[in-house]
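Student: I would like a close look at one part of this model. Could you take me through the pocket and the ligand surroundings in a connected way?

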Amino acid sequence: MFKTIELVNGKVRMLDQSRLPLEVRYIECTDYTMVAEGIKKLWIRGAPAIGIASAMGVAIGAQKIRAKDFEEFYSALEPIFSTMMSTRPTAVNIEWAINRLKKLLSTKKELSVEKLKSLLIEEAHTILEEDIEANKSIGRWGAQLIKDGDTIITHCNAGALATGGYGTATAPMRVAKEQGKRIQVIADETRPVLQGARLTAWELMQDNIPVTLITDNTAGALMKKGEINIALVGTDRTAANGDVANKIGTYPLAILCKEHGIPFYVAAPTSSIDFSIASGESIPIEERDSLEVTKIWDCQIAPDGVNVINLSFDVTPAKYVTGIITEKGIFKPQDLKKLHERTSL
Ligand code: MRU
């Protein structure tokens, strides 16, 4: 099995997802600016994975700082924090990871600069390991929702590639398969960048989970024929009221599910829940280059100069969400506040 991202010998090594599945190549980032470039250019993508990448970026950036005390060290870190924060706006995991590092540092002001540097490396490793554990737990909770013989629809890629490993939306599929349930997955291709076709199909095939690829506009027809039992997707940021930002096309999928009486579940590690915002209205939505829409890789598919709207994410209102599968249990959107109270996240 591939490794999405790792921190080895002071370098951030990531699987280049922009060329998958045609080329399987790893990129070694020697500098935090290269990690930031990788996040922007989608060498690495998926909310938890870019959170981890940001923490690793800070950790390797910190190693090059020359400072005599905590204050000097921290002020040299500030531009690294803001470079990471400026890469992609929708996934809250970047902010979450950076805040976690800041909080850690603020409790260790007495340590030497060299110790602080090692601490950041250790914490980046811990963030990666905890993410994989959280996903496995999401898998155990979520598998309870999957019955033998179910067909599951998913959108974009919320798999191992989008996380430290194991995936969020794919985790219940993996556990269900381990439990011997016969499942099938329908993967939306997910225009414009085709994360479903290129990434979800690729990784599920490696795991021997039966996967069928459809164009984004096919889901309704399959639902009408009764061929889909449950939807499982990921999220880039879920607001305190359970509104869910995820890859563009998630919202229409959720409406289709409602219309056809199909449960619509969101797999969200708590690092993807933003309790600081009341509703999805305040979630920043990334707009990306029009070339992603007018071209597929190098092949132009639209006339020169055409106007394009390329919203990378949409917000599914909580009323369409059956439940949110976290590593701490499954919550109805309106019950997310119980999770908040319980964990003081
Ligand atoms: O633009 P991307 O590929 O980073 O978008 C990714 C998604 O929308 C995922 O569904 C989301 O980040 C959840 S990944 C566990």
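Tutor: What follows describes the pocket and then the surroundings of the ligand. The model is a predicted one, and the values below are computed from it. Its largest pocket has a volume of about 480 Å³, and 17 residues form the lining, with Val-193, Leu-291, Glu-292, Lys-295 and Trp-297 lying nearest the centre. Two elements, helix 10 (291–294) and strand 12 (295–296), each contribute at least two residues to the lining of this pocket. By residue class, the lining of the largest pocket is made up of nine charged residues, seven nonpolar ones and one polar one. As for its place in the chain's architecture, the largest pocket lies between domain 1 (5–135) and domain 2 (139–344), because both domains give residues to its lining.

Turning to the ligand, there are 18 residues around it, and those that come nearest are Arg-45, Arg-88, Gln-195, Asn-246 and Lys-247. One of these, Asn-246, places a polar side-chain atom 2.6 Å from an oxygen atom of the ligand. A side-chain N or O atom of Asp-236 is 3.0 Å from an oxygen atom of the ligand, whereas for Gly-46 it is a polar backbone atom that lies 2.9 Å from a ligand oxygen.

Terms used:
Residues numbered from 1 in each chain as written. Predicted model: local features only at pLDDT ≥ 70, side-chain atom pairs only at ≥ 80, totals over all residues. Heavy atoms only, no water. 1 Å grid on protein atoms, 1.4 Å probe; cavity = no way out; pocket = protein on both sides within 12 Å on 5 of 7 lines; lining within 4 Å. Points joined across faces, edges and corners; volume = space filled by probe spheres on them. Helix = DSSP H or I, 4+ residues; strand = E, 2+ residues; numbered from the N terminus. Nonpolar A, V, L, I, M, F, W, Y, C, P; charged D, E, K, R; others polar. Domains from an automatic or database assignment. Near = heavy atom within 4 Å. Polar contact = N/O pair within 3.5 Å; in protein donor to acceptor, adjacent residues only side chain to side chain.
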